[in-house]
Amino acid sequence: MNSSMERPYVVGIDIGGTNTVFGIVDARGTIIASGAVKTQVYSTADEYVDEVCKSLLPLIIANGGVEKVKGIGIGAPNGNYYSGTIEFAPNLPWKGIIPLAAMFEERLGIPTALTNDANAAAVGEMTYGAARGMKEFIMITLGTGVGSGIVINGQVVYGHDGFAGELGHVIVRRDNGRLCGCGRHGCLETYCSATGVARTAREILAARTDASLLRNIPAESITSKDVYDAAVQGDKIAQEIFDFTGTILGQALADFIAFSSPEAIVLFGGLAKSGDYILKPIQKAINDNILKIYQGKTKLLVSELKDSDAAVLGASALAWELKDLKD
Ligand SMILES: [Zn+2]
């Protein structure tokens with residue numbers, strides 16, 4: 001095996017429902033070069049991988065070439081660590097089972113590992129962020145969807161099939177729950193993702209007549225950022241949307257804490273940056289719903305890493321463990 005002196009870099013690729021971000025990372029966790037492509041615009045996975053490679057390869061060449069790269073780590077929705085495939089990802093345009101790690105390996109000749117994007121974010125947070133030094137925590141990613149990475153005894157939990165930790169698809173409304181991208185109803189993700197917040201905004205605005213700054217925006221184009229901006233300006237309906245969202249999330253987190261008694265829950269993503277508007281109702285709902293033996297023991301933290309960095313660094317960290325292709 002080559003030492004890291006000979007192969008000083010790894011590549012991290014974070015595949016999100018909207019954007020794919022990638023970076024070349026050194027042994028100290030510094031992203032020395034990075035780029036991005038849109039995820040949704042390519043109808044086939046082949047076209048998509050070609051496009052990522054077209055943007056990534058010049059960066060690799062500018063930093064010494066393929067032979068300087070130890071491996072590629074990918075964080076992807078429904079990524080299976082064991083098989084290197086993404087499988088039936090509801091927020092991606094390609095259906096079925098896609099052998100993404102093998103596709104990158106073939107094109108670039110670099111060994112490649114893949115995991116769930118939220119698991120990758122958890123590894124990044126544990127190595128460089130708010131969960132540094134922790135061996136027991138749960139990462140919750142609040143983006144287009146809701147993802148999670150469960151860390152127990154310093155290890156990401158993958159389960160027997162590679163898919164452990166899909167807490168975004170825990171059902172939080174058994175009756176009349178919202179339709180989820182997974183095909184079921186009432187998943188946490190349908191309420192507490194950025195898109196869930198927008199859905200809540202549309203529902204509340206349609207059901208009520210009181211004034212709101214959000215009524216100045218066409219209902220179908222309201223985003224969670226619009227809700228935040230309105231809340232900051234004192235908009236009561238916007239604040240109510242955050243209360244509703246935070247309460248559902250906090251109730252779910254109280255249940256998650258019972259599963260592994262984590263030292264912390266780390267929230268990641270745009271919604272987590274909405275400060276007390278979202279954190280206060282989350283913390284209140286945790287306190288109101290948690291089993292007494294866990295009361296006050298689990299910290300509620302917000303990621304300390306930039307949105308793109310946590311997942312890219314986390315994905316890249318997987319690659320240090322990889323063996324060279326021709327050993
Ligand atoms: Zn679901």
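1. Let's start with a term: on a 1 Å grid over the protein atoms alone, a pocket is an open set of points with protein on both sides within 12 Å along at least five of seven lines, and its lining residues have an atom within 4 Å of a point. Grid points are joined across faces, edges and corners, and a volume is the space filled by probe spheres set on the points.

2. Before you look around, please note that this is a predicted model, in which local features need pLDDT of at least 70, side-chain atom pairs count only at pLDDT 80 or more, and totals for chains, interfaces and linings use all residues. Residues are numbered from 1 along each chain as its sequence is written, and side-chain values use heavy atoms, with hydrogens and water left out.

3. Now to the largest pocket, whose volume is about 820 Å³. It is lined by 34 residues, and those closest to its centre are Gly16, Gly17, Gly143, Thr144 and Gly145. Sorted by class, the lining has 11 nonpolar, 18 polar and five charged residues; here Ala, Val, Leu, Ile, Met, Phe, Trp, Tyr, Cys and Pro count as nonpolar, Asp, Glu, Lys and Arg as charged, and the others, Gly among them, as polar. Domain 1 (9-124 + 308-321) and domain 2 (134-304) each give at least three residues to this lining, with bounds that come from an automatic or database domain assignment.

4. What is the volume of the second largest pocket? It is about 240 Å³. Among its lining residues are Tyr81, Met126, Tyr158 and Trp320. By class, this lining has eight nonpolar, two polar and one charged residues. Domain 1 and domain 2 each supply at least three residues here.

5. Next, find the zinc ion. Its protein donors (N, O and S atoms within 2.8 Å of the metal, or 3.2 Å for Na, K and Ca) are His169 (ND1), Cys180 (SG), Cys182 (SG) and Cys187 (SG), at 2.0 to 2.3 Å. Along the chain they follow the spacing H-x10-C-x1-C-x4-C. Angles among the four donor atoms are 105 to 116°, and the site is tetrahedral, a label for four donors with all angles between 85 and 135 degrees.

Technical notes: Tetrahedral: all angles 85-135°; square planar, octahedral: opposite > 155°, others 65-115°. 1 Å grid on protein atoms, 1.4 Å probe; cavity = no way out; pocket = protein on both sides within 12 Å on 5 of 7 lines; lining within 4 Å.
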